[in-house]
Amino acid sequence: MPQVKTVLRGVRPYGEDPVDIVVAAGVIAEIAAAGSAAGRVIEASGLIALPGFVDIHTHLREPGREDAETVETGSRAAALGGFTAVFAMANTSPVADTAGVVEQVWHLGKATGLVDVFPVGAVTVGLGGEQLAELGAMATSAAQVRMFSDDGKCVHDAAIMRRALEYVKAFDGVIAQHAQEPRLTVDAQMNEGVLSGQLGLTGWPGVAEESIIARDVLLAEHVDSRLHVCHVSTAGSVEVIKWAKSRGIKVTAEVTPHHLLLTEDLVASYDPVYKVNPPLRTSADVTALRAALAAGTIDAIATDHAPHPHEDKDCEWAAAAFGMLGLQTAFSIAVLTMINSGLLDWRALADRMSVRPARIGRAHGHGHELKVGAPANICVVDPGASWVVEPATFASKSRNSPYSGMTLPGKVIHVLKAGKPTVEGGDLAC
Amino acid sequence: MRHLLSAGDLDVDSACLILDTAAQLASVTDRTVKKFPTLRGRTVVNLFFEDSTRTRISFEIAAKRLSADVINFAAKGSSVSKGESLKDTALTLEAVGADAVVIRHGSSGAPHRLATAGWIQGSVINAGDGTHEHPTQALLDAFTIRHHLRDGTGDLAGVRVAIVGDILHSRVARSNVLLLRTLGAYVTVVAPPTLLPYGVSQWPCAVSYDLDEVLPHVDAVMMLRVQSERMHAAYFPSVNEYSRRYGLDVRRMGLLPPHAIVLHPGPMNRGMEISADVADGERAVMVEQVANGVSIRMAVLYLLLGGMADDGKKEI
């Protein structure tokens, strides 16, 4: 049987000179002069090729909240957003705290096949913060879990956190912490500042995040283990992480697209589409987060894609759920905040959206340099295109996007996963 | 103006218009026949997600004196406690043709949401939302202060007011700080630092932790209710300590200038933030506040539903 070759015709890797990328048997077989290669041609002239994006923080809601999202709909949204791998957080129902649940999610991802779905295992049983879940069983399951997180809840007990950090060293795991000191954030609704006082909404002070990060980096140093900090949201957190990295502590961090763009001022509308945890912060925080991502102090963009059914947002603020959609807008927000501002070039963007997140999550097969022999997980984008966000057209089951109606720059055009097109011409290929 | 959501939405002209309208309505209410035909055929719904008999009754009497049809909708259990959602309640009220919805809700911003989410067409009046605002309370307080200290006319330029107590959780304090400043008064909020909101230094008022220092320099002092439950969340060590440091008793009354008045939005914790003899003393104006509340709410209903054109200038 003749080998099928797919050719990305005239594409510019990392925005550099145009070439033909020839893909065969799931890997990049050849990088040839533009217009020279033969095979099944996907026209890509003028477009930019990047390694497929890796999102180490999504909520796919399955099992348990299939009304909000499923692994299948979340995978579709991810593929359309340029991702070839996503990590699915453990706060499902039942919680992903056993080998059985993580294998279920892993199998659902395989069955859909649009992106590689890496289940995140819970750190503690039922996210209860008291007893370690069977981390080893999840690590050795078919899902090969390497990232563990109680995301949505903080592992607030210092002794439990220490044990978790130590324990996962046995299988090269990482603890991804949702840094939120619970006693400082009882009933918290928004960033604590002048505005929260005026709006009468209980404040979520930055120190509740920063104090946990400070404790955890010291614990990670003490036990020489890997810590990952989820959704960093304040300038103060950046300072702590920078200090920790300067000491050689094995800490990595992510920032969400919405924390790179949106600020707390939006909360004055009391529209729950802006309700998110951690909350939207100030413009000074946004500036610090962008600079930290540019400098590499923050390693990755991760969406914290958090679908919620309409009724959980179409209500008064306090009754609404926390969270925002992110998968289908992440790339455009990255272009808007990091590329168009000149803070990152395309190679550096690939580093923050693919290379480093893949490394943090040990997502083997992802985050590779676009070169001959590398797995053909490739995202092809149009940097010059713009589009209007219409949540009703999203592949996600939910509609809670804070960008509704905005015109955003940059569009995902084609995506190859293991050499197979998942997105072509901006639409799902299968 | 279609809604009354925040005292901050009122400029000095519209605030004075409400106060003046209330004054005119009050003078007529003293007559034997207390009813106006103004809002005949209009429907006012009192939508109360929190128990507040006094505020509900005040709005109910106000609407009835204007001949409106009044529906009391005690929506026990908001969507937070998985009762009927605010949206479904609103859609019901819209379907039955409410012209105005007076809403009391435990969640800050609920009236704002009701007014802006597109669920209803009618006017929304905030009768207290969470720890956010209570604009008609501020209006009736301003009305009462104006009556005693400014002969019942004009603004409150130069009047000095202390607001004392749980500023952090008080919607009354937020609305009063905004409205009194708009009217030209100088406000000082007084509380232990734990009961002041983060960022209070940027509010349009002065801040003090020392009640004794403030009292000699004010014309009116407004005592706020302090929930003793706050003690369990470590906002202060004990009821006794709070009362000693921030309670208004006879000794502290002696620090006030002789003309100064004492307000309280009620209900009072006698012996906690205010001693019984101060509460019953001749400089306490709490009973007047209640009566003025009816006039203010009549004025607000009248202006929103009938009288106030978009330029805010229509006369009675």
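Mentor: Two residues are in contact if their C-beta atoms, placed from the backbone, lie within 7 Å. With that in hand, take chain B: of its contacts with a separation of 6 or more, 76% are accounted for by residues 24 or more positions apart. In chain A, 74% of the contacts between residues at least 6 apart in sequence join residues at least 24 apart.

Trainee: How do I read the numbering and the model itself?

Mentor: Residues count from 1 along each chain as its sequence is written, while chains are lettered from A and ligands numbered from 1 in the order in which they are written. The model is predicted, so local features need pLDDT of at least 70 and side-chain atom pairs count only at pLDDT 80 or more, whereas totals for chains, interfaces and linings use all residues.

Trainee: How many helices and strands does chain A have?

Mentor: Helices (H or I, at least four residues) and strands (E, at least two) are DSSP runs, numbered from the N terminus. Chain A has eleven helices and 19 strands. Its radius of gyration is 21 Å, close to the 22 Å that the globule rule gives for 430 residues, so chain A is as compact as a globular protein of that length. That radius is taken over C-alpha atoms, and the rule is 2.2 Å times the number of residues to the power 0.38. The C-alpha trace of chain A spans about 65 × 45 × 45 Å along its principal axes.

Trainee: And chain B?

Mentor: Chain B has eleven helices and nine strands. For its 316 residues the globule rule gives 20 Å and the radius of gyration is 19 Å, which is close, so chain B too is as compact as a globular protein of that length.

Trainee: What share of chain A counts as buried?

Mentor: A residue is buried if 20 or more other C-beta atoms lie within 10 Å of its own, exposed if 12 or fewer, and partly exposed in between, with C-beta atoms placed from the backbone. Of the 430 residues of chain A, 61% are buried; for the 316 of chain B it's 51%.

Trainee: Can we try one helix?

Mentor: The expected span is 1.5 Å times one less than the number of residues. Helix 9 (residues 283-295) of chain A has 13 residues and should span 18 Å, which agrees with its end C-alpha atoms being 18 Å apart. Its buried residues include A:Asp285, A:Val286 and A:Leu289. Among the elements that the buried residues of helix 9 pack against are helix 7 (235-246) and helix 11 (346-361) of chain A. After helix 9 comes A:Gly296, with a positive phi near 90°.

Trainee: Which domains does chain B have?

Mentor: Domain bounds come from an automatic or database domain assignment. For chain B it gives domain 1 (7-133 + 290-307) and domain 2 (135-286). Their C-alpha centres lie 25 Å apart, and 26 residues of domain 1 of chain B are in contact with 22 of domain 2 of chain B. Helix 1 of chain B gives the most to the domain 1 side, with seven residues.

Trainee: How do the two chains meet?

Mentor: 16 residues of chain A are in contact with 24 residues of chain B. On the chain A side, helix 5 (residues 194-199) gives the most, with four residues.
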